[in-house]
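Here is a short briefing on one protein chain. Look at the model first, then read the points below.

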Amino acid sequence: KWVPQELSYSVLGEVKAPGPKPYSGKTTVTKAIGAAAGLTEFASKTDLVLTRANGTHVKVNYKKAIKDPKFDPQVFPGDSINVVKSIW
């Protein structure tokens, strides 16, 4: 389903349902990954990259983010989260 970029964010890489997700109010990286059906077995849980709509990058450690909200940055429309493959 196509969603206008102004009202969506993307979750890419090692998630079970990658692609654009509708932005429905306040969300965080861990919630966004949940909206993408979770991480695959190959996903790195310590090296995610949140790319803001303005091009800045924020490194996110998923293991820390699920335990402590201060490590779970907010996601805004136009942002994208890239979940890379674990090197192990």
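The radius of gyration is taken over C-alpha atoms, and the globule rule is 2.2 Å times the number of residues to the power 0.38. For 88 residues, a compact globule would have a value near 12 Å; the protein chain has 12 Å, which agrees. This is a predicted model: local features need pLDDT of at least 70, side-chain atom pairs count only at pLDDT 80 or more, and totals for chains, interfaces and linings use all residues. Residues are numbered from 1 along each chain as its sequence is written, and side-chain values use heavy atoms, leaving out hydrogens and water.

**Overall build**
- The protein chain has 2 helices and 7 strands. These are DSSP runs, numbered from the N terminus: helices are H or I with at least four residues, strands are E with at least two.
- From the N terminus, the order is β-β-β-α-β-β-α-β-β.
- The C-alpha atoms fill a box of roughly 35 × 25 × 20 Å along the principal axes.

**Burial**
- Of the 88 residues, 41% count as buried. Buried means under 20% relative accessible area, exposed over 50%, and partly exposed in between (1.4 Å probe, protein chains only).

**Ala37**
- Ala37 lies in the loop between α1 (29-35) and β4 (43-51).
- Its phi is near 70°, a positive value in a residue other than glycine.
- Ala37 is partly exposed, with a relative accessible area of 45%.

**Charges over rings**
- A charge sits over a ring if NZ of Lys or CZ of Arg is within 6 Å of the ring centre and within 35 degrees of the ring normal.
- The charged end of Lys64 sits over the ring of Phe71, 5.2 Å from its centre.
- Lys85 has its charged end over the ring of Phe42, 5.7 Å from the centre.
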